[in-house]
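User: Could you walk me through the pockets in this structure and what sits in them?
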Amino acid sequence: MTTTPEQAQFDALIAADGRIEPRDWMPEAYRKTLVRQISQHAHSEIIGMQPEANWISRAPSLKRKAILMAKVQDEAGHGLYLYSAAQTLGTPRDEMTEALIAGKAKYSSIFNYPTPTWADMGAIGWLVDGAAICNQVPLCRASYGPYGRAMVRICKEESFHQRQGFEILLTLMQGTDEQRRMAQDAVDRWYWPALQMFGPPDDQSPNSAQSMAWNIKRFTNDELRQRFVGMLVPQAEVLGVTLPDPKLRWNDETQQYDMSEIDWTEFFEVLAGRGPMNAERLRRRREAHEDGAWVREAAAEYARKRAQITEQAA
Ligand code: BYC
């Protein structure tokens, strides 16, 4: 097959670890992969607001409430940066939203679990945002410019989120026996789903090889999962919580942690829409979309009138 000059230029840019911008020619498969990953990521941020919003009205103090509200607002902002980055690839936002509310689009498996106690806010910040940072810092160097730049801003905010979660757990661990039990219970429930956030094992990850060849992903799912576990172990010691894996042990030979097999059946069940909260998350998202119809209509009408005024003045 002969290589077109555009393809050659694209390949050279990727080989030089350069950045592809919206104005540049790109292979259709590259565009498609980016829209897939970025829109899934945007949906995850938007759906990810729900498990925490559940605690805004019940946070244990005014300060905790204010911090949690700011965090949930940050997630809305992350969703917007990411939808904007996906739009630069030619996919309208309405199309992405429709796919989400119709239940046709994926979003992170992690947001299909319930948040029954306040300690869940700590565990989400520490484990879920921790996993997010570990996965997303390398994405700041993604070859597609708008995605990489959005990730830089997002990662800065995720670091704050991770620390606030750690601090919630630390406060609970320094409290009463009941508070310590609550913190440990939340860690027990969120640990395995957080490890699943990195995606299926490398030998079952159909997209990794091509995404790495295009410098979108920089590490494999298993590499990042291992790195994350390595980060958690010393932090768990400081907190005084136990990571719920009896086989977790440093291996001098492999220079990484040995760990138990992850329950991938559970992961694929959640992806198929059969997790504990999938139906509820989508129902709530649909409801919010319908409730917001008047805002979209008002904004469109305002834009129409502004355009009319500008036209009349010209
Ligand atoms: N959940 O070939 P693979 C956040 C899908 S937001 C659901 O390895 P890839 C936060 C995958 O999409 C967290 N689906 O795929 C927000 C693919 O399906 P399709 C979200 C998953 O893309 C609020 C299939 O499985 N972060 O942090 O090479 C509050 C095969 O997988 C999952 C991002 O989106 C999963 N866990 O690698 C707090 C980061 N894992 O599309 C925190 C950006 C895999 O072929 N995304 N799948 O139908 C990525 O880095 C990559 O897309 C992934 C997967 C590592 C997630």
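This is a predicted model: local features need pLDDT of at least 70, side-chain atom pairs count only at pLDDT 80 or more; totals for chains, interfaces and linings use all residues.

User: Ok, how many residues surround the ligand, and which are the closest?
Analyst: The ligand is surrounded by 32 residues, and the closest are Gln40, Lys106, Ser205, Lys217 and Asn221.

User: What kinds of residues are in that shell?
Analyst: The shell around the ligand holds twelve nonpolar residues and 14 polar ones, together with six charged residues.

User: Which polar atoms of the protein lie by the ligand's oxygen and nitrogen atoms?
Analyst: Among them is a backbone N or O atom of Asn207, which lies 2.9 Å from an oxygen atom of the ligand. A polar backbone atom of Met197 is 3.3 Å from a nitrogen atom of the ligand, and a polar side-chain atom of Gln136 lies 3.4 Å from a ligand oxygen atom.

User: And how much of the ligand does the protein cover?
Analyst: On its own the ligand has 1,000 Å² of accessible area, and the protein covers 90% of that.

User: Which pocket is the ligand in, then?
Analyst: The ligand takes up the space of the largest pocket, and that pocket has a volume of about 1,000 Å³.

User: Which helices matter for the shell and for the pocket lining?
Analyst: For the shell around the ligand, α2 (28–47), α6 (119–136) and α11 (264–274) are the elements that give two or more residues, and α2 provides the largest share with six residues. For the lining of the largest pocket, at least two residues each come from α2, α4 (62–87), α6, α7 (145–173), α9 (208–213), α10 (221–239) and α11, while α6 gives the most with seven residues.

User: Which lining residues are nearest the centre of that pocket?
Analyst: Of the 45 residues that line the largest pocket, Gln40, Ser108, Met197, Phe198 and Gly199 lie nearest its centre. By class, this lining has 18 nonpolar, 17 polar and ten charged residues.

User: Switching topic, what volume does the second largest pocket have, and which residues are closest to its centre?
Analyst: The second largest pocket has a volume of about 510 Å³, and of the 16 residues that line this pocket, Ile46, Met49, Arg93, Arg285 and Ala288 are the closest to its centre.

User: Where does its lining come from?
Analyst: The elements that give two or more residues to this second lining are α3 (49–53), α4, α5 (93–101) and α12 (278–291), with the largest share, five residues, coming from α5. By class, the lining of the second largest pocket has seven nonpolar, three polar and six charged residues.

Definitions and conventions. Residues are numbered from 1 along each chain as its sequence is written. Side-chain values use heavy atoms; hydrogens and water are left out. A residue is near a molecule or strand if one of its heavy atoms lies within 4 Å of it. A polar contact is a pair of N or O atoms within 3.5 Å; within protein, one must be able to donate a hydrogen and the other to accept it, and residues adjacent in sequence count only if both atoms are side-chain atoms. Accessible areas come from the Shrake-Rupley method with a 1.4 Å probe; for residues, only the protein chains shown count as cover. On a 1 Å grid over the protein atoms alone, a cavity is a set of points where a 1.4 Å probe fits but cannot get out, and a pocket is an open set with protein on both sides within 12 Å along at least five of seven lines; lining residues have an atom within 4 Å of a point. A molecule sits in a cavity or pocket if more than half of its atoms lie within 2 Å of its grid points. Helices (H or I, at least four residues) and strands (E, at least two) are DSSP runs, numbered from the N terminus. Ala, Val, Leu, Ile, Met, Phe, Trp, Tyr, Cys and Pro count as nonpolar, Asp, Glu, Lys and Arg as charged, and the others, Gly among them, as polar. Grid points are joined across faces, edges and corners, and a volume is the space filled by probe spheres set on the points.
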